[in-house]
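Subject: Structure handover

Hello,

Here is the structure for your files. Please look through it first, then read the notes below.

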Amino acid sequence: MDKMTEITRADMADVALGGAFLGTGGGGDPYIGRLMAEQAIDANGPVPVIDVETLDDDALVVPVAMMGAPTVMLEKLPRGDEAINALRSLEAVLGRKADAIFCIEAGGLNSTIPIAVAASAGLPIVDGDGMGRAFPELQMVSMTMFDIHACPMAMADEKGNALVLNTVDNLSTEKFARVITVEMGGAGLIALYPMSGAEAKRAILRDSLSLIANIGRIIRSEQAANRNPAVRLAGDLNGVRLFEGRMTDVDRRTEGGFARGQATFEGLDSYQGQTFTLKFQNEFLMAETGDGTPRAMTPDLICLLDLETGEPITTEQMAYGYRVIIFGLPCDPKWRSDHGLKLVGPGYFGYDADYVPIEELNKTK
């Protein structure tokens, strides 16, 4: 994998594509974040990408992100300065400036907005993130596994409102912030999990931005060769093609600050006569055959690719008639620990299933 040393305007197409893929259907529409990052890079120059090990132990490292239902962002576009306002509000409370930015998750919008903030603030961005994919709730990050507190947390909206939260634990941060996000119109920009360089070295998942950009390059190169990228992605990322079919129904609703629902598919080609279901809460969480047999489950990654173009499809983009490839990937090993599964396993989301790794679920498929 090629390691990134800086992010230029020319890199943003690959970053947006790769982020949408690793976002497992969530993380927000990558196009919006890509435009914001390109504009910031045009105005301020390329963003340095640094290895977390190069940070001083006492450096201040802050992730920034969008919080809310991704479907809302299609209609309520950000003004552009909300994320930097959130960062400045957090810095004011902490009494010092941030030394580096990083992505809280590997998702479409949330792998691009931090680049825009880094460019606007003149800061480097760390080659890493807190999930290795996207998850729907704030406490679902590797930092929680290392006892790093989400607060103080700053939130800002497109009207100019900004506020700072302090809570007793990360789950409480999620609950309070979710209510405020709903009052902000369903989406807001946030800065949280302020941590030292020493804490970042322990907690964050490494090389995420480099992986995102490499996946984006794979998708684009395969598209240029008129090949669907699923075959190469499966080989390069130890992925599994779970299903190929046409979307027959999408039950999607914005509820409690999330996009929730499920999508059903009927098989094409070698999958003719079969059906498949994806269940989601912002991100795809469960993939099941028509009889309810699981083929992939959170925290493993479930990704949706357009059958013709290979473009990643997010939960808010899904529509009747889409012809798709449903693709699965193993998650970062940290998520398969007892603590990780307690945070993001099937049981947390109310599914009556014990976690089984995707490799085991698909041994004979």
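A disulfide here is a pair of cysteine sulfur atoms within 2.5 Å. The search of the whole structure finds 0 of them. Cys103 is buried, with a relative accessible area of 1%. Cys303 is buried too, at 2%. The cut-offs are under 20% relative accessible area for buried, over 50% for exposed, and partly exposed in between (1.4 Å probe, protein chains only).

Some ground rules. This is a predicted model, where local features need pLDDT of at least 70 and side-chain atom pairs count only at pLDDT 80 or more, while totals for chains, interfaces and linings use all residues. Residues are numbered from 1 along each chain as its sequence is written, and side-chain values use heavy atoms, with hydrogens and water left out.

Next, the backbone. Most residues other than glycine have a negative phi, and most peptide bonds are trans. The bond from Cys151 to Pro152 is cis, with omega near 0°. Pro152 sits in the loop between helix H6 (142-145) and strand S6 (153-156). Helices (H or I, at least four residues) and strands (E, at least two) are DSSP runs, numbered from the N terminus. Thr298 and Pro299 are also joined by a cis peptide bond, with omega about 15°. Pro299 lies in the loop between strand S15 (294-297) and strand S16 (301-306).

Asn226 is not a glycine, yet its phi is positive, about 60°. It is in the loop between helix H9 (208-224) and helix H10 (230-237). Asn226 is exposed, at 74% relative accessibility. Asn238 also has a positive phi of about 60°. Its loop runs between H10 and strand S11 (240-255). Asn238 is exposed, at 60%.

Now the open spaces. Both kinds are found on a 1 Å grid over the protein atoms alone. A cavity is a set of points where a 1.4 Å probe fits but cannot get out. A pocket is an open set with protein on both sides within 12 Å along at least five of seven lines. Lining residues have an atom within 4 Å of a point. Grid points are joined across faces, edges and corners, and a volume is the space filled by probe spheres set on the points.

The largest pocket has a volume of about 490 Å³. It is lined by 24 residues, and the closest to its centre are Leu22, Leu211, Ile215, Leu237 and Pro330. H9 gives the largest share of this lining, 6 residues. The lining has 13 nonpolar, 4 polar and 7 charged residues. Ala, Val, Leu, Ile, Met, Phe, Trp, Tyr, Cys and Pro count as nonpolar, Asp, Glu, Lys and Arg as charged, and the others, Gly among them, as polar.

The second largest pocket has a volume of about 190 Å³. Its lining includes Leu17, Tyr31, Arg34 and Asp306. Helix H1 (12-22) supplies the largest share, 4 residues.

There are 3 cavities of 30 Å³ or more. Of its 18 lining residues, Met66, Glu105, Asn110, Phe135 and Pro136 are the closest to its centre. Strand S3 (residues 60-68) gives the largest share of that lining, 4 residues.

Best wishes
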